[in-house]
Amino acid sequence: MMNSLTDLDDAGVAAAAARAGADVVRDLYGRRLARIDKGGGDFATEADVAAEKAILGVLRAARPDDAVLGEEGGRQGAAEAARQWLVDPLCGTLDYAVGSMLVAVNVALREGAAAVADPFSGDVFHTDGESAWVRGEGAGQRGDGADQRGDGADQRLIPTSASRLVDVNLDPPFPGAPAFRAVDLLARPAFAEHFRPRVVSTTLALAWVAAGKRAAYVTDGGDLSGSVHFAAGIALCRAAGCVVTGIDGAPVGQGGRGLVAAADAETHRLLMTMVRGQE
C-alpha cells in the first residue's frame with residue numbers, strides 16, 4: 001500500500017490519511033483509554049495519539065518533503081517546507097471518551113486538498129480544492145440513520161438548506177462575547193422561525209453542511225483558516241459551493257474571525273442578520 005501512495009494526487013493522499021486515522025479511532029472505540037491532560041478540562045486519549053501516528057505514516061510515505069502540524073504532535077518536518085498538512089486526528093475527543101460516535105478525522109493541505117472521515121459511518125468526504133465528494137466505505141457501525149452505502153463510489157457533495165438544521169458550537173472560549181454569543185443566537189425568535197438548532201462538538205458538522213445534511217454551522221473564534229480543527233471542513237464547504245465567512249462577514253483567512261458556513265446565500269444572509277443583532 002505504502003508504495004502506491006506516492007502515485008496519489010493530494011486529494012487521494014488526504015483521503016487515505018484520514019481513512020487511516022479513522023480506522024484507528026474505530027478500532028479503539030469503547031476501550032478504557034489513558035488520557036493525556038491538556039489543562040482547562042481538555043485532554044487527549046490514546047486514540048488521538050495513535051490515530052495521528054497512523055495519519056503521519058501515510059503523509060510521510062506519500063509526501064516525505066512536506067511539513068505537518070498535528071494537534072497532538074505539533075509541528076514536524078522541515079521548517080522551510082513549502083507545503084504543510086494540518087491534522088486533527090480525533091475531533092470530538094470528549095464525546096468519544098464517553099462513548100459517543102459523533103467524531104471526525106480531519107486532514108488538510110494548507111490552501112489545498114482536504115478530507116474529513118467519519119469513522120463510524122465509513123464516509124470519507126474529500127476535495128481537491130475545486131470540487132467536493134463523499135465516498136461511502138461502509139463501516140456501518142452507527143445506529144443513527146447515517147449513510148451506510150458501502151459501495152466505495154464517489155458522489156458529489158450538494159449543499160442544501162432544506163433540513164433547516166443549524167449546528168452551533170457552544171464550546172469555550174468565547175472571544176466574541178459580549179457582542180456575540182452563540183447561545184444568544186439560539187434564543188432569537190427569528191432563529192426559531194427559520195431554523196432548528198443542533199449543538200455538536202465536532203467539526204464533522206462542517207462536512208454535513210457540504211453534504212446537505214445541515215443548513216449551516218456557526219462558531220465563534222479567531223482566524224480559523226489555519227486551524228487543524230477547521231481547515232478541512234472549510235475546504236470542503238468552499239469546494240461544495242457553500243457560503244463561508246467569519247461571524248463578522250469577512251472572508252475566512254482574510255481577517256474573518258469565527259465561522260458561518262451556510263448551504264446557500266439566503267441562509268447565510270439570515271444568520272448574519274441574527275449574528276449582528278438586527279433581527
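Predicted model: local features only at pLDDT ≥ 70, side-chain atom pairs only at ≥ 80, totals over all residues.
Helices and strands are DSSP runs, numbered from the N terminus. With this numbering, the loop between β11 (165-168) and α5 is the place where Pro178 is found.

The protein chain is divided into two parts, domain 1 (10-156) and domain 2 (165-276). Between the C-alpha centres of domain 1 and domain 2 the distance is 21 Å. To the contact between them, domain 1 contributes 29 residues and domain 2 contributes 20 residues.

The interior may be considered next. In soluble globular proteins, nonpolar side chains tend to be buried together. In this model, the largest nonpolar core consists of 36 residues, and those with the most contacts inside it are Val116, Phe125, Leu157, Leu236, Cys237, Val244 and Leu259. Several elements supply at least two residues each to this core: the strands β5 (84-91), β6 (104-109), β7 (114-117), β9 (132-136) and β15 (259-262), together with the helices α7 (204-211) and α8 (231-240). The element that gives the most is α8, with 8 residues. At least three residues of this core come from domain 1 (10-156), and at least three from domain 2 (165-276). Another core lies apart from this one; it has 34 residues, including Val24, Val25, Ala47 and Val68.

When neighbours within four places in sequence are left aside, Cys237 is in contact with Leu206, Val209, Ala210, Cys242, Val244 and Ala261.

The packing of two helices can now be followed. The axes of α7 and α8 are 8 Å apart, and the two helices pack at an angle of about 5°. Because angles under 35 degrees count as roughly parallel, α7 is described as roughly parallel to α8. On the side of α7, the contact is made by Leu206, Ala207, Val209 and Ala210; on the side of α8, it is made by Gly233, Ile234, Leu236, Cys237 and Ala240. Sorted by class, the contact of α7 with α8 has 8 nonpolar residues, 1 polar residue and no charged residues.

Helix α9 (residues 265-275) is mostly covered, with 8 of its 11 residues buried. The buried residues of α9 are Thr267, His268, Leu270, Leu271, Met272, Thr273, Met274 and Val275. What do these buried residues pack against? Their partners are α5 (182-187), α6 (189-194), β13 (216-219), β14 (243-245) and β15.

The loop between β15 and α9 contains Ala263. Is Ala263 buried or exposed? Its relative accessible area is 6%, and because buried means under 20%, Ala263 is classed as buried. Not counting residues up to four places away in sequence, Ala263 touches Pro159, Thr160, Ser161, Val209, Arg214, Ala215, Gly241 and Cys242. Ala263 and Val105 are 158 residues apart along the chain, and their C-alpha atoms are separated by 22 Å.

Val49 belongs to helix α3 (residues 46-62). Its relative accessibility is 42%, so Val49 counts as partly exposed. Leaving aside neighbours within four places in sequence, Val49 is in contact with Ile36 and Glu72. Val49 and Ser225 stand 176 residues apart in sequence, and from C-alpha to C-alpha they are 23 Å apart in space.

Some features of the backbone remain to be described. Ala177 and Pro178 are joined by a cis peptide bond, for which omega is about 0°. Glu111 has a positive phi of about 60°, although it is not a glycine. Glu111 is found in the loop between β6 and β7. Its relative accessible area is 83%, and because exposed means over 50%, Glu111 is classed as exposed. Arg164, also a residue other than glycine, has a positive phi near 65°. The loop between β10 (154-156) and β11 holds Arg164. With a relative accessible area of 33%, Arg164 is partly exposed.

Methods: Residues numbered from 1 in each chain as written. Heavy atoms only, no water. Core = buried A, V, L, I, M, F, W, Y, C linked by side-chain atoms within 4.5 Å. Buried < 20%, exposed > 50% of the residue type's maximum accessible area, 1.4 Å probe, protein only. Helix = DSSP H or I, 4+ residues; strand = E, 2+ residues; numbered from the N terminus. Domains from an automatic or database assignment. Contact = heavy atoms within 4.5 Å. Axes fitted to C-alpha atoms, helices over the stretch in contact; angles between N-to-C directions. Parallel < 35°, antiparallel > 145°, perpendicular 65-115°, else oblique. Nonpolar A, V, L, I, M, F, W, Y, C, P; charged D, E, K, R; others polar.
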